[in-house]
Amino acid sequence: MTKTILAVDDSGSLRQMLSFSLKAAGYGVIEAIDGEDGLNKAKRQTVDLVLTDQNMPGMDGLSLIRALRAMKNYQNVPILMLTTESGDDIKAMGRAAGANGWLVKPFDPARLTEVVKKLIG
Amino acid sequence: MLSWKSCSDDPMNTRIVHLLAGMSLHGDQHLAEVERDLVQMDVLLNEAVKKLCTSFMAIHQAIDLQQEALRSLLPGGMPEAGQAARLDALREEIGRHVGAAVTGLQFQDMTSQLIGRMVQHLAGLRDVFGVLGTSEPADLPESGSDEMLAMLNRLSDQIGARGDERAGATARSTVNQRHMESGGIELF
């Protein structure tokens with residue numbers, strides 16, 4: 001069965017690249033334009049992994065992670081941050097919020113799919 | 001206490017106010033043009049990158065289909081071991097190039113964030129010019145450096161207050177990348 005990934009980023013081109021890279025590796029992809037959109041889509045369908053940006057208008061990535069972790073069906077779903085930020089403080093905040101990993105942009109499609117495969121097969 | 005009439009009738013004050021209003025107007029016009037160009041640049045970059053990305057994806061898929069077609073043309077649909085290895089190597093090479101293109105094209109995501117931040121700072125500068133342009137002759141002291149200093153402090157406070165309102169959007173840059181190599185990965 002195809003594993004589904006929720007890709008949350010306010011940049012249309014970034015979502016397009018994520019979608020292309022993950023679909024080429026055999027995953028299904030649901031795109032969301034910000035944290036709120038991501039949360040709504042996650043409620044409608046439980047996905048196998050969430051990949052989210054941090055800085056987005058409205059609900060940011062950390063808030064999305066906290067909201068997802070508060071939902072019973074997302075307590076064990078891997079969540080990865082994919083962001084331009086790489087500071088130790090923000091990483092610690094991500095970890096405390098419940099992120100399973102931190103990827104700094106720009107991403108390399110091969111390395112990204114390698115990490116995703118490691119987490120959800 | 002100075003009366004409005006006495007200050008507004010002072011030719012020096014009137015001249016200063018005109019100078020400030022002129023500076024404010026011209027400064028604001030220049031900044032508005034820069035802001036407009038930055039926003040347009042962001043739109044163009046976004047569209048260009050989306051199109052480039054779509055083309056790279058289409059090329060990648062077309063090459064996959066071409067390789068399948070080539071295989072089907074071979075006797076029995078099965079390439080010899082050497083041919084199969086060559087096709088696989090080509091496929092991997094193309095995949096690497098497309099991956100590198102995808103990594104490189106992400107410059108747009110970062111430049112878009114930087115442009116957004118620049119636009120916020122420009123808005124801050126326009127606020128500064130806006131405050132300078134609101135002075136009236138009556139606002140200016142008739143004489144004395146203490147009064148002038150007090151008036152400049154008031155202007156500075158107004159500029160500071162507007163800056164504080166924008167502090168959230170301009171506080172720090174989240175883009176520190178200086179090259180387009182893929183970023184680090186850390187699993188917790």
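How are α3(A) and α4(A) oriented to each other? Before we get there, a word on what you are looking at. This is a predicted model, in which local features need pLDDT of at least 70 and side-chain atom pairs count only at pLDDT 80 or more, while totals for chains, interfaces and linings use all residues. Residues are numbered from 1 along each chain as its sequence is written, and chains are lettered from A and ligands numbered from 1 in the order in which they are written.

Let's start with confidence. Chain A has an average pLDDT of 93, and 100% of the residues score at least 70; pLDDT is the predictor's confidence in each residue, from 0 to 100. Helices (H or I, at least four residues) and strands (E, at least two) are DSSP runs, numbered from the N terminus.

Now back to the opening pair. α3(A) and helix α4 (residues 88-97) of chain A pack at about 15°, with axes 9 Å apart. Axes are lines fitted to C-alpha atoms, for helices over the stretch in contact, and angles run from 0 to 180 degrees between N-to-C directions. The two helices, α3(A) and α4(A), are therefore roughly parallel to each other, a label for angles under 35 degrees, with over 145 counted as roughly antiparallel, 65 to 115 as roughly perpendicular and the rest as oblique. Leu62(A), Ile65(A) and Arg66(A) of α3(A) meet Met93(A), Gly94(A) and Ala97(A) of α4(A); residues are in contact if their C-beta atoms, placed from the backbone, lie within 7 Å.

Helix α3 (residues 61-69) of chain A also packs with helix α2 (residues 35-44) of chain A, at an angle of about 20° and with the axes 9 Å apart. That makes α2(A) roughly parallel to α3(A). On the α2(A) side, the contact is made by Gly35(A), Gly38(A), Leu39(A) and Ala42(A), and on the α3(A) side by Gly61(A), Ser63(A), Leu64(A), Ala67(A) and Leu68(A).

Finally, look across to chain B. The contact takes 27 residues from chain A and 26 residues from chain B. On the chain B side, the elements giving two or more residues are α2 (11-73), α3 (81-105), α4 (107-132) and β1 (185-187). Strand β5 (residues 101-104) of chain A pairs with β1(B) in the antiparallel sense over three bridges, where pairing requires that DSSP finds at least two bridges between the strands. Within that pairing, Gly101(A) has Leu187(B) of β1(B) as its bridge partner.

How values were computed
Contact = placed C-beta atoms within 7 Å.
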